[in-house]
Amino acid sequence: MLRVMIADDEERICKLIAALVDWKALDMEIAGVAGNGPEAIRLAKELHPDILITDIRMPGCSGLDLIEEIKKSDPALEIVIISGYAYFEYAQTAIKFGVGDYLLKPIDQEELNTTLQKFKDRIFARQAMTKSGGGLFRKSEKDLKRLRAGLIDQLVSGKGETLSVAALQEAYYLPVESGIFQAVWLKLDGPSSAFTEAGLSVIMEKADSILESSLRPRCTELVFGRAGSSYVGFLNYETGKKEEVRRGLKDCLNQLKSQQDLYGPVKFSLAVGRAAADPEELKLSMYEASVAVKERLVKGSGRILERMPEPSALHERKLLDKYLRNITHAVEVISLEEAKAAVLELSGAVKAMREVRGYEVLEMVHSCASLFFSRLELTGRTELLREFDEQCEWCHSTEELFLLLEALLETHLGTLRKKHENDADRPIRQAKEYIQNHFSDPITLEEVSGHVGLNPAYFSVLFKKTEGEGFAKYLIHLRMEQAKLLLRETNEPVSAICRRVGYNDIKHFTRTFEKDTGVKPATYRKLYG
């Protein structure tokens, strides 16, 4: 019989816990009750309970101190904490000390009994492993878990053998039947830095418990496993139960949302793929669910996402082309301000579009980071991009994605700026940034050299040596490039563009433009506008 200890400074709570559980049916007994922290530590060392139920706040010492102290002497002790809404932060921190579950006040009888049954199964499994002949038990359980984890990996990656009812039954020991097979993707979002591995495990375990209790009665079989910041799997159910299963999924999501504040800064979304009549379509169903769940980025989290979204016109806008031009120059002059402006312009254009898709935004942000890294000529770009993609996986909105991209640019441009602060070409970089910001004004070599603190003659020689062309040619080239951009992407008259790029005489501007491109401004607009 398993021994349970209760620790709470409110006697009525202790009595309530005792009354809510059929201890005999669970093969458990209450070994002791403590009214404060020090007493709980003393009793735990004397009684050696298998399970501890404790309030997170008690006189004498905090629940966290109690848990930490008891775990030192008995690491295998299963602990469930009881928490009020005012102490969410304590409950989250307790997870780091090995707390197996937590319950909210007022205590729900079914949830308490389910938690104790889960602990009982876990304890008995450990005990069976230590008995003679337990190696076979351990091996079979371990092999079964590995098999099913491998199945989830196959479905997520889209690789592996073709699945059938017979293969699922014989190779994976799953009691599936003909009917409907449907992939489910539960997504957790929040700042990745806020979650420890232990904390994530508890959240995933809680999600598994909710999915099991709500869907098991409605399904023939269900299999789930962790995939990064998601909990994914598939359902097998009778053909006529589609709506009933959907209600079960909605119930799961509502339960998770109702308790999400306790998990920390986390949000939940749930997506499903197609309802297939053949398990060989499960990989396609899983792919559809993985794409559908990204719609939370534009539609918001906390909902069931069911349809494979059609592509929008986002890529037709050629927004990445303009971003590439902007970010290339930002890197060239190591300007954080220009980099932020490039991201702001891009995010504004994306937000202004109708029916943009979540997966499209995610792909675009990935491309933006990749283009930025390519311009920096960094080593280890593949690893840096992988780390960035992992951070993106935790975002729940388009705004968060672009803020993450901006932070990435800021970090690496800041590092680059520090690295080059003492370089010999620093005055030229400052000069190029000044020219970029003032090319529409009648600037001169003397003005720019004075801005960077060099005499005009030395500045002229240094500029040509560094850039491969003189100041005057560089300024003309920059103005012409800007004029071409305005001719292509705006409807402004040529006279207005002439003034915007630093020319007061339209004839002089036209001659210069024609010499640079081979055609007059109006002709260029017809050809490329």
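**Close-up views of a predicted model**

**View 1. Gly-518 comes after helix 22.** Helix 22 is followed by Gly-518. The phi of Gly-518 is positive, near 95°. As in every view here, the model is predicted. Helix 22 itself covers residues 506–517, which makes 12 residues. From first C-alpha to last, helix 22 reaches 16 Å. That is close to the 16 Å expected at 1.5 Å a residue.

**View 2. Asp-505 caps the N-terminal end of helix 22.** The cap is made by a side-chain oxygen of Asp-505. This oxygen lies 3.0 Å from the backbone nitrogen of Lys-507.

**View 3. Helix 22 has buried residues and, on the other side, exposed ones.** Phe-509, Thr-512 and Phe-513 are buried. Seen down the axis of helix 22, the buried residues fall within an arc of 100°, so they line one face of the helix. An α-helix has 3.6 residues a turn, so residues three or four places apart point the same way. On the other side of helix 22, Lys-507, Arg-511 and Lys-515 are exposed. The buried residues of helix 22 have a cover that includes helix 20 (471–489), helix 21 (494–500) and helix 23 (521–528).

**View 4. Several helices line the second largest pocket.** The volume of this pocket is about 790 Å³. Its lining has 23 residues. Closest to the centre are Arg-325, Asn-326, His-329, Gln-436 and Gln-482. Helix 12 (319–332), helix 13 (336–352), helix 17 (426–438) and helix 20 each supply at least two residues of the lining. The largest share comes from helix 20, with nine residues.

**View 5. His-329 is a buried residue of helix 12.** The relative accessible area of His-329 is 13%. Buried means under 20%, so His-329 qualifies. Leaving aside neighbours within four places in sequence, His-329 is in contact with Glu-338 and Gln-436. Both His-329 and Gln-436 are among the residues closest to the centre of the second largest pocket.

**View 6. Helix 10 is largely enclosed by the rest of the structure.** Helix 10 spans residues 282–292. Nine of its 11 residues are buried, so the rest of the structure largely encloses this helix. The buried residues are Leu-282, Lys-283, Ser-285, Met-286, Glu-288, Ala-289, Ser-290, Val-291 and Ala-292.

Terms used:
Residues numbered from 1 in each chain as written. Predicted model: local features only at pLDDT ≥ 70, side-chain atom pairs only at ≥ 80, totals over all residues. Heavy atoms only, no water. Helix = DSSP H or I, 4+ residues; strand = E, 2+ residues; numbered from the N terminus. Expected span 1.5 Å × (residues − 1). Buried < 20%, exposed > 50% of the residue type's maximum accessible area, 1.4 Å probe, protein only. Arc of directions from axis to C-beta. Contact = heavy atoms within 4.5 Å. Polar contact = N/O pair within 3.5 Å; in protein donor to acceptor, adjacent residues only side chain to side chain. 1 Å grid on protein atoms, 1.4 Å probe; cavity = no way out; pocket = protein on both sides within 12 Å on 5 of 7 lines; lining within 4 Å. Points joined across faces, edges and corners; volume = space filled by probe spheres on them.
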